[in-house]
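Hello,

Here is the structure for your files. My notes on helix packing and domains follow below it.

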Amino acid sequence: MNVWTKYLLLFKTAESRRFAALFAIIYFAQGMSALTDQTISITFKDQGLEADDVAAFFLLASIPWFIKPLYGLISDFLPLFGQRRKSYMLLTSSLACGAGLVAALTTQYSYWELAILYTIMGFGLAYNDVLSDALMVENGKLHGLTGAFQSVQWIAITTASIFVGLLGGYFAEHRDLHTAFAVSAIFPFTVLLMAIFFLREKKHVHSGPEAFQETWKALREGFGERSIWLVAAFIFLFNFSPSFGPAFFYYKTDTLGFSQQYIGILSSVDSTFSIIGALIYASLSRTIPLRRMINIAIGLSVITLLAYLVYRGETSALFIHMIWGVTNMITTLAFLDLAARACPKRAEATFFALLMSIFNFGTLASQNIGAQLYTSLGEGSFAYTWLVTISTCTTAAIWLFVPLIHIERIEARARDDQSSQH
């Protein structure tokens, strides 16, 4: 109860509470978009595809998430119907909803037809993510609430993941991909309604030559900033954990014999405890220096990854997912908080989108490499142990980068930006 009270007291103004509510609903809807993932994986497995084939599908279908900086540039430089955020959110959420409905109503589709529909749906969601994050960075730095706002976003998305784990496991168990797509299409429609009724943005925003030159100058200076690229490398290495993704899914299914329903339950447990991690980070982010939080978070991740070496049955899996839910969320939020504070003023949307694209690419690339290694090593316990060991070593190696990032300078510049806006 004290944790919840401290958390709610972070949002002292009506404006900060409005943004917190907006982020919560949009991110909950985004989290529910993963409802089809487990069913897609088991459907392909039933068709005889290997783990690396499934990983390749998700890698290709995730291309829209890799080009998120392009969406930031378009939103910053080219207002649509006089608006930089709202009009684009209306358009892209409609597109994602439409792709989901087409997938739900199509009786049969090939590997590539499904990839196209899934990619279109991902494009709409990725664009919405950029728009929401732009609002988060701009208003978070203004109020000194980047960490708190990101906690709201991740509490919402992990709450959605609880439902995704339970419902996704059910749909996967029954191989009901069409219903999974039908349900997942509801949530981009929810974002559409939020954009219509809740997102406030003035029309006819100023976009003349002077504003263009200011934004262009911020972009050029940002791309010349050494700290931006160091943070990008830092984030990429953090996400390189090849023991997870399709390889981990195949290990749980084939080697440990978990049912699809139980795999879904484990995902929900992970998400439930992630909420605890987000609440902890929201409180600590206002009192503990970010560099110390980064060091603590890396240590927690290394310890928890080592625990995955004893991931051998239903009981051990349950406890490890509980621990990982808390520690992984604290670590993720620490790195995302660093990314938000590193974004230069007047180009927040573009640079946060760039860093998040690297974040996503690191995750998908590591999963793809992990799946290839898992297959080449013969699958089973031996291959899994090697992947966990690689993940632990790469995570521990991140400590070597911490002194190079100059996190204190990034924090100081973020405080200066906050002071100049008040």
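**Helix pairs and domains**

Helix H15 (residues 260–284) and helix H17 (residues 314–342) have axes that come within 7 Å and cross at roughly 40 degrees. Axes here are lines fitted to C-alpha atoms, for helices over the stretch in contact, with angles from 0 to 180 degrees between N-to-C directions. Helices are DSSP runs (H or I, at least four residues), numbered from the N terminus. H15 and H17 are therefore oblique to each other. For the angle classes, under 35 degrees counts as roughly parallel, over 145 as roughly antiparallel, 65 to 115 as roughly perpendicular, and the rest as oblique. The H15 and H17 crossing is right-handed. A crossing is right-handed if the near helix is turned clockwise from the far one by less than a right angle, and left-handed if anticlockwise. By class, the contact of H15 with H17 has 17 nonpolar, four polar and three charged residues. Ala, Val, Leu, Ile, Met, Phe, Trp, Tyr, Cys and Pro count as nonpolar, Asp, Glu, Lys and Arg as charged, and the others, Gly among them, as polar.

Before the rest, the ground rules. This is a predicted model: local features need pLDDT of at least 70, side-chain atom pairs count only at pLDDT 80 or more, and totals for chains, interfaces and linings use all residues. Residues are numbered from 1 along each chain as its sequence is written, and side-chain values use heavy atoms, with hydrogens and water left out.

Next, H7 (residues 86–105) and H11 (residues 186–197). Their axes come within 8 Å and cross at roughly 160 degrees. That makes H7 roughly antiparallel to H11. The crossing of this pair is left-handed. On the H7 side, the contact (heavy atoms within 4.5 Å) includes Met89, Leu90 and Cys97; among the H11 residues are Phe189, Val191 and Leu192. By class, the contact of H7 with H11 has 10 nonpolar, two polar and one charged residues.

The axes of H3 (residues 37–46) and H4 (residues 51–61) come within 10 Å and cross at roughly 140 degrees. H3 is thus oblique to H4. Asp37, Ile40, Ser41 and Phe44 of H3 meet Val54, Phe57 and Phe58 of H4.

Finally, the domains. The protein divides into domain 1 (13–207) and domain 2 (218–421), with bounds from an automatic or database domain assignment. Their C-alpha centres lie 20 Å apart. 53 residues of domain 1 are in contact with 54 of domain 2. The two domains bury about 4300 Å² between them, 65% of it on carbon and sulfur atoms. Buried area is the accessible area (1.4 Å probe) lost on putting two parts together, summed over both.

Best wishes

Methods: Helices (H or I, at least four residues) and strands (E, at least two) are DSSP runs, numbered from the N terminus.
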